[in-house]
Amino acid sequence: MIFSTIIYFLIFPGLLFASIAGGFLSWFDRKVTAMVQFRKGPPVLQPFYDFLKLLLVKETILPAKGSPVVFMLMPILALVGATLACVFILLPALNITSGFNGDILVIFYLLNIPALAFILGALASGNPLASIGASRELKLIISYELTFLLILAAVIFKAGMRINLQEIIMAQADTSFIGSISGILLFIAAIFCLQAKLGYVPFDIAEAETEINHGSFIEYSGSAYALVILTKYILLFTLPVFIGTLLLGGLSFTGINIVYSLLKILAIVLLLILIRNTNPRLKIHQAMRFFFVWMNLLVIIAITLSIFGR
Amino acid sequence: MTKTIIPIGPYHPLQEEPELFKLYCKGEIVKDVQWVTGYNHRGIEKLSESKTFEQVFFLVERICGICSTSHPFAFANCMEEIARVEIPDRAKYIRSIIGELERIHSHLLWVGLAGHFLGYNNVFMWAWKYREPVLELFEMITGNRNSYAMFKIGGVRRDIENHKIPTIRKVLDTVKEKTDLLTGAVMDDPVIHARTKGVGILTKEDIIAYGALGPTARASGVAIDVRKDDPYAAYASVHWKVITAQEGDVFAKAEVRLLEMYESISIISQCLDGLQQIKEGQVDVKVKEIPEGIGTGHAEAPRGEVFHFVKTDGSNYPVRHKIRAPSYMNIATFKKACVGQTISDATIALAAVDPCYCCTERMAYAYDYASREKILDGNELVKMGQRKTEKLRRQIKRNR
């Protein structure tokens, strides 16, 4: 039991699997972006080279004016949070174990941990640019989390008030939720939430290279930054899988369904990449207004429609 | 609550050159700005006094990599005023063509950079790809993609042969097509509107008070353009209009630059018409000697008016050479444009004037960090330099 738990966390579907899958999705992102911009793009293994170089070769520099313990601990916490979320999503989604009642809420909280850990890490670095980044990230969390929670509420409602991921997948056995009008609205809102959670343009406000020099992550280097980008790879895999499970009818790895499952994930990631490449960065108050007013309105309309069975 | 200092520079992804702006912020709002210069001083004006007039062209060409023809243009105008030389019509047309091609590539470069500063890397990559044909055209005409070495006193160094004109026109057509595409992408994007409209507004009064130039001034409704106000080269003999906008925000500056590219294409096309009617070959007049005197020359660089002043004494070296680049006037408007805005707005407001620090840097002085008192000014630094040179000289003598 303990042995299988460790395997679940470290190998499959946890750390190793999620980071390799996320690394390939990261390569896919860079390749598509390069093709859109008339460039050639990196080789397939480039994300892994990046990670290994940071982990093994580059020097890790600690900020002189910060709190080194918190600063170094936070990337680990973020990595653990992201990996746990991935395990809890994939175990029921791949039908390995049946999950537990209320796991969807646990996943919701676990998916929050990376962002919160990055905020604490940024504040522990003692850099003014990082503190600006942290304050922006905090404002961003406040704005998109409500929308994300409402999306979960709508999905729970559509699944007949069930808060178990496997039962939500079961409820989509005949038609997935995106087959209805409310499902499409929820999907649109969810894509923008993912964009914000991943820190992609137009919501890369907390990093904002040309404004605040990668904000929250400015002081991270070497192995600490390697963990940060590993967390990002895992999130890039986990979040599309989560949305695919909630709205697109889940994943399946039997027979021809493998292709469909992969296409679902790739389609969601492609959508994220295209939004990223066709928009400039928003300002933080614009992003807050976007989520508080428009996205919440969209989700509330979706919930109302689903009450009438649409 | 204390104010946080958010540094833009000396090395920052926002700018390609070293320059430090300290934004004193309360939360996200910029309360005050301090501009610290002196990272890039190269002593061009002093160096110029040790070069012959022919060499100065190559020196001033290297003041700035992007507007590398504006400085030779202004210097040529200046020297021809001193020598009282009238250059041949063909040279006038060729000069205007080079100047306008440079404006097109500089404005395309700016559009790309502005996209990058907003996090819109697609615009960055696309604009720079579309800029490529212009650089190839430069290579065809002058032999260089940048720093063209085309100007000399009394004319230009190379002719544009008439058989090259159809190729130039063809490239201009593709550039125009791509400019249409970029203009459409920038002007119609709602998120770009949200990011740039009403940001970094400079009123007409601000522009006049700061003496700002070029697209920065024209975007606020001040129709200042040396090509129109004091025509040089072939600008008096072609038809074009000065593009202005009234709003004075970042979007207006982008609009002015994009529309100016169309005007430049039209000017080049008219100049090519002019070239076709003149016999090939006559592109310069011989200037035997430069008399004693003073002269001024302007040229409208992509960023505004470049101004050169030269004093000569009858020898073949300038006695005094004063250069004023447009960014020197334009960067100062940043304070007005960014105080009271958020950090996000401040960065794009700075980028909107298209600052060029290598043109701007003149003299540095050291100050005490705590009390902000000036310790050394220009003269003292020069004296310190002389003292150190003297010390070294004595040391070398002793070692011998």
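User: Are B:E100 and B:R103 buried or exposed?

Analyst: In this predicted model, B:E100 is buried, and B:R103 is buried as well. Side chains of opposite charge can pair when their charged atoms come close. Here B:E100 and B:R103 form a salt bridge, with 3.2 Å between the closest N and O atoms. Both residues belong to helix 4 (residues 89-117) of chain B, where they are 3 residues apart, about one turn of the helix.

User: Which parts does the salt bridge between B:R145 and B:E132 tie together?

Analyst: The side chains of B:R145 and B:E132 meet at 2.9 Å, N to O. B:E132 lies in helix 5 of chain B and B:R145 in the loop between helix 5 (121-142) and strand 4 (151-152), so the pair ties together parts that are 13 residues apart in sequence. B:R145 is partly exposed, with a relative accessible area of 34%, and B:E132 is partly exposed too, at 28%. Salt bridges can also share partners: one network formed in this way joins residues including B:E100, B:R103, B:R218 and B:D225.

User: How many salt bridges does the structure hold over all chains, and what is the case of A:R276 and A:D29?

Analyst: The structure holds 29 salt bridges over all chains. In the one between A:R276 and A:D29, the closest N and O atoms are 2.5 Å apart. A:R276 lies in helix 11 (residues 257-277) of chain A and A:D29 in helix 2 (residues 15-36) of chain A, so this pair ties together parts that are 247 residues apart in sequence. A:D29 is buried, with a relative accessible area of 5%, whereas A:R276 is partly exposed at 27%.

User: Let us turn to strands. Why is strand 2 of chain B described as largely enclosed?

Analyst: In a regular strand the side chains alternate between the two faces of the sheet. Strand 2 (residues 20-26) of chain B has 6 of its 7 residues buried, so the rest of the structure largely encloses it.

User: With which strands does strand 2 of chain B pair?

Analyst: Strand 1 (residues 4-8) of chain B pairs with strand 2 in the antiparallel sense over 5 bridges, and B:I6 stands opposite B:L23. Strand 3 (residues 29-36) of chain B also pairs with strand 2 in the antiparallel sense, over 7 bridges; there B:V36 is the bridge partner of B:L20. The hairpin of strands 2 and 3 of chain B has 2 residues between the strands, and B:G27 takes a positive phi near 65° in this hairpin.

Terms used: Residues are numbered from 1 along each chain as its sequence is written. Chains are lettered from A and ligands numbered from 1 in the order in which they are written. This is a predicted model: local features need pLDDT of at least 70, side-chain atom pairs count only at pLDDT 80 or more; totals for chains, interfaces and linings use all residues. Side-chain values use heavy atoms; hydrogens and water are left out. Buried means under 20% relative accessible area, exposed over 50%, partly exposed in between (1.4 Å probe, protein chains only). Helices (H or I, at least four residues) and strands (E, at least two) are DSSP runs, numbered from the N terminus. Two strands pair if DSSP finds at least two bridges between them. A salt bridge is a side-chain nitrogen of Lys or Arg within 4 Å of a carboxyl oxygen of Asp or Glu.
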